[in-house]
Amino acid sequence: MDCVSPIFTVATFLWNCTAPRASIIRDLLTNLESLGNEMELLNFRSEDVKTRVELEKQQQLIPRREVEGWLQEVGDVQNEVNAILEEGGLVPEKKCLGNCYNIRSSYNLGKRVTRTLSHVRELTRRGDFEVVAYRLPRAVVDELPLGPTVGLDSLCERVCSCLDEDEVGIVGLYGMRGVGKTTLMKKINNHFLKTRHEFDTVIWVAVFNEASVTAVQEVIGNKLQIVDSVWQNKSQTEKAIEIFNIMKTKRFLLLFDDVCRRLDLSQIGVPVPDVGNRSKDLFMEMVGKDTVGSHAEIENLAGSVVERCGGLPLALVTAGRALADKSTPWEWEQEIQKLTNFLKEISDYRMIPGTRLYEMPPEPTVGLDTLHETVCRRLTDNKVGIVGLYGTGGVGKTTLMKKINNELVKTKYQFHIVIWVAVSKQASVAAAQEVIRNRLQIPDSMWQNRTQNEKAIEIFNIMKTERFLLLLDDVWKVLDLSQIGVPLPDDRNRSKVIITTRLWRICIEMGAQLKFRVQCLAWKEALTLFQKNVGENTLNSHPDIARLSEKVAGLCKGLPLALVTVGRAMADKNSPQEWDQAIQELEKFPAEISGMEDGLFHILKLSYDSLKDEITRSCFIYCSVFPKEYEIRSDELIEHWIGEGFFDGKDIYEARRRGYKIIEDLKNACLLEEGDGFKESIKMHDVIRDMALWIGQECGKKMNKILVCESLGLVEAERVTNWKEAERISLWGWNIEKLAKTPHCSNLQTLFVRECIQLKTFPTGFFQFMPLIRVLDLSATHCLIKLPDGVDRLMNLEYINLSMTHIGELPVGMTKLTKLRCLLLDGMPALIIPPHLISTLSSLQLFSMYDGNALSSFRTTLLEELESIDTMDELSLSFRSVVALNKLLTSYKLQEMKINVEKEGSQGFEQSYDIPKPELIVRNNHHFRRLRDVKIWSCPKLLNLTWLIYAACLESLNVQFCESMKEVISNECLTSSTQHASVFTRLTSLVLGGIECVARALLFPSLEVISVINCPRLRRLPFDSNSAIKSLKKIEGDQTWWESLEWKDESVVAIFTNYFSPQYLADPIHPSEEPTHRKVSLAQNRESGGKEETGGRRLKLKSSHLNTASQAHKLKLMREQVPLVHSLISCASIKT
């Protein structure tokens, strides 16, 4: 046994030494076969790589050295494999060890096969190249083919010398076709091949007629060699950001050839050339000029730091602040050494795709600083997650957003990442996801072939870990952030979302906690922006141009896009005559100004296109027939819309409801604004009106389709041409004395002849050739004493307004107007209406004879005629006899309609006699259930409004010049009954004017606004402070009145002071004037008759149809000619 162990050990050792070698010999044939197969696979891959290399060479790319080395290595191993396979083919199949087979040779060959097989497999693995070639850096200047040039040397030298001047940013070469502009540009381009220059890149872009922003971006992207992974599938805005963030670090020369229309450099992404070095200016601002100038060596060091910052604002600001207190060269050198790593890091960071914060191509910002500071300050409020910026198109919302974005580049980061998404009208959830994915650098493996929901999950799981700022620009419809994958901002993640939109409702529907309206510029700011675009050279070219520029800027009404567009159009106008011509064009034909259509109207038209239906669009266009700066009463506008047939098939109440809804929609779209005068009036910005008129004229193709002529001066209106093509004609003017004789207006549907106080008559046959006219408005044409001949033959008329004229009698021929729906005869006390005329107007729905004598004591039949019309929905009449009033009280049908009640007399109504008790007014237990709005003026003997206890839904109360009123609701009623506990619970608006005092404070739990007008003796607020504190938003009144108020509890003074808004509130009708008549207006609700009631009735003071800037003068004229009623109780019944 002792000898066995050593023998076993020796045997084991021999086996371990020989077994591997034996396996090499044993597996030789198998490995030879594997080597052949693996080499074949390697050859296939090699051929594929060679093909890719050849294709890239054809694209002027250079093969990578790694690829070339691999191909060489494949060739070498191919030779080795061929030799091995040739030698291996001589090996016979082994039968025994005793024949002539050389064991050593087989072993050596087997080792070569094993080693080569491993090498072949390694080459196959390495041959999976993602990129086989790279693009050579483009030359700074690409040589352009250039033929012989004659006579261009001098101009070429002049242009090249201009390019060396820091004060020159943009140079223009212009001239007729074929004169040699392109040749000159090529010569300038090639000039920089031969001479030394400071440009980092020279880019040639052939623009042509069809060129777009996208096409120009592609040319610039190729020149800058932006890689496909950063460029492909990016939006125009994203490409502009990429271009901007590269070009802002370079000194470039951009050559645009054959430009036929304006290109917006900021949309392309090209930094606007400035004068001097912006980087140096920013650095100097941070350090301080005194510090830099304190030592020559410091000035040199400053230049070195600026250069190393590479134009990055963050680097310039950080370095500048660090060096601001260093006053010696040694201190500068020490601090620069400390900054070295930072500057290197920020420089490298700038080159990483998907940088966390990109600077946007900036635009000139004027007048936005205050709002910008407010928004940025609120971004630090953890309670605010979503901020909405809304306003009219072209007002500067996107510019403000860019300013917010770029401010974050210059200051310390508040957010981990800032993402800009240009939404636009065509954008979708998928499109927004793509932009966010690109910024988050989500790889293709986690994105491609994924559903929208899966993509949202990927975005969410990344963004939930970030503190982000999401900028959604130009939002037209609600975007669901959760569908995109964006976490909702809250006080935990401290992220923010800012949206810009033209639609106020978008801010509401997207849950914005703060909403800011971007307003038009104030006058000084507007003039600055306008003159900046005109340019100093033009402004100084003639002494009168600076003054004329103020007038032109004023016509733009502070809208920045209009100021920029018109300013650029005037930049080459160097004579006063050209400016005078431009002023005339802006006032009458603004579309003829260069750039107005493409640069302004088409952009603003997007708001019009987004309106929800054709009726809303038609109603918007209709507003353009009113003059500029005209404040249109909402009721009046809706009545015109009814006459135009926009609401055919609707009763008056449904039409009014629809009309108010459309007005709100247009306000929300920032296409209409609240009026400054009358409470319920609207107005259009002048530029928006110009755009509406342009659209109504089929985008300028049919300029005569809508004619609006205002203030024609002494020029006779008969000189107005091209009436034949018009569908709507609107004439306004104090000095219009004559009209065209027998105009041919076969297409005319609407005719306004309003406020033409010099016009006394219409020519004979004026209406002869107007077969289609359906709206005729002659209101406030005071000197008109007779209805023009031929009106009774306008069989399609649906609306006639003769208010405030001196027409004495309606012609009997009007009985033929069977389609007439609206007849307005307000302020015509002398008018005579022939018997049975009104009853024949079988389609009449709205009849208004406010402040007239049709129901005086000698006329009582009109009510009977009105009662006989089945279609009648709304009346506005003046009652001046007990007989007529009794007729009202006994006619159930008339009580269903809106009725204004007026009684003769000059001493006002007695509380005990003329105003019935509530029980007498509220018949059949109606109780004014739908009464929403009450106005009471100049009733000096009215003691209280106790009957309002039945108006449980009252929302607005206006009481003025009722000197005897000491209490709104009698004290007896309030203390003796509990059934009226709900009185004034819904009141939101209260107006008090000329009131001496209110004995008892009332509960107004829903009050939002109270206006106090001319009430110096009203020493206490008329409401209980505890009841109104939760809802109150504003207290309006005179500062002196406010300071004289007496307070029971001084602790509430500070609270209510926050709500006080000092303003001068004066009523156009002075209380000291003795009224000619006293008027009470009552409205009683109309039963639904089984229908769902959604419309409304609202009685308005129709004191004037002369609603213009010269209103006060016109009201004075009206008092001289028309016995205006100064006392009014107006009660409106609104259906719910």
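Q: Are Phe762 and Phe767 buried or exposed?
A: Both Phe762 and Phe767 are buried, where buried means under 20% relative accessible area, exposed over 50% and partly exposed in between, with a 1.4 Å probe and protein chains only. This is a predicted model, in which local features need pLDDT of at least 70 and side-chain atom pairs count only at pLDDT 80 or more, while totals for chains, interfaces and linings use all residues. Residues are numbered from 1 along each chain as its sequence is written, and side-chain values use heavy atoms, with hydrogens and water left out.

Q: How many aromatic pairs does the structure hold?
A: There are 20 aromatic pairs in the structure. Rings of Phe, Tyr and Trp (its six-membered ring) pair if their centres lie within 6.5 Å; planes under 30 degrees apart count as stacked, over 60 as edge-to-face and the rest as tilted. One of the pairs is Trp723 with Phe766, which is edge-to-face at 6.2 Å centre to centre, with 90° between the planes.

Q: Where do Trp723 and Phe766 lie?
A: Trp723 is in the loop between β13 and β14 (728–732), and Phe766 is in the loop between β15 (750–754) and β16, so the pair ties together parts that are 43 residues apart in sequence. Both Trp723 and Phe766 are buried. Phe762 and Phe767 form a stacked pair, 5.7 Å centre to centre and with 25° between the planes.

Q: Which residues form one aromatic cluster?
A: The cluster is formed by Tyr622, Phe626, Tyr630, Phe646, Trp732 and Phe752.

Q: Turning to the sheet, in what order do the 8 strands run?
A: The order is β13-β14-β15-β16-β17-β18-β19-β20, in an open sheet with parallel pairing. At the edges are β13 (706–710) and β20 (874–877), each of which pairs on one side only. Two strands pair if DSSP finds at least two bridges between them; helices (H or I, at least four residues) and strands (E, at least two) are DSSP runs, numbered from the N terminus.

Q: How many bridges join β16 to β17?
A: Strand β16 (residues 775–777) is joined to the parallel strand β17 (residues 799–801) by 3 bridges. Within this pairing, Tyr799 in β17 is the bridge partner of Val775.

Q: What does Leu693 touch?
A: Leaving aside residues up to four places away in sequence, Leu693 touches Ser624, Ile706 and Val708, where contact means heavy atoms within 4.5 Å. Leu693 lies in helix α31 (residues 686–696) and is buried, with a relative accessible area of 12%. Although Leu693 and Ser624 are 69 residues apart along the chain, their C-alpha atoms are separated by 5.5 Å.

Q: Now strand β5: which residues cover each face?
A: Ile386, Gly388 and Tyr390 on one side and Val387 and Leu389 on the other are all buried, so far as the 20% cut-off defines it. Strand β5 (residues 386–390) pairs in the parallel sense with strand β8 (residues 496–501) over 5 bridges, and Gly388 has Ile499 as its bridge partner in β8. With strand β9 (residues 514–517), β5 has a parallel pairing over 4 bridges, in which Leu514 is the bridge partner of Val387.

Q: And which ring does Arg251 lie over?
A: Arg251 lies over the face of Phe199, at 5.4 Å from the ring centre. A charge sits over a ring if NZ of Lys or CZ of Arg is within 6 Å of the ring centre and within 35 degrees of the ring normal. Arg467 lies over the face of Phe415, at 5.1 Å from the ring centre.
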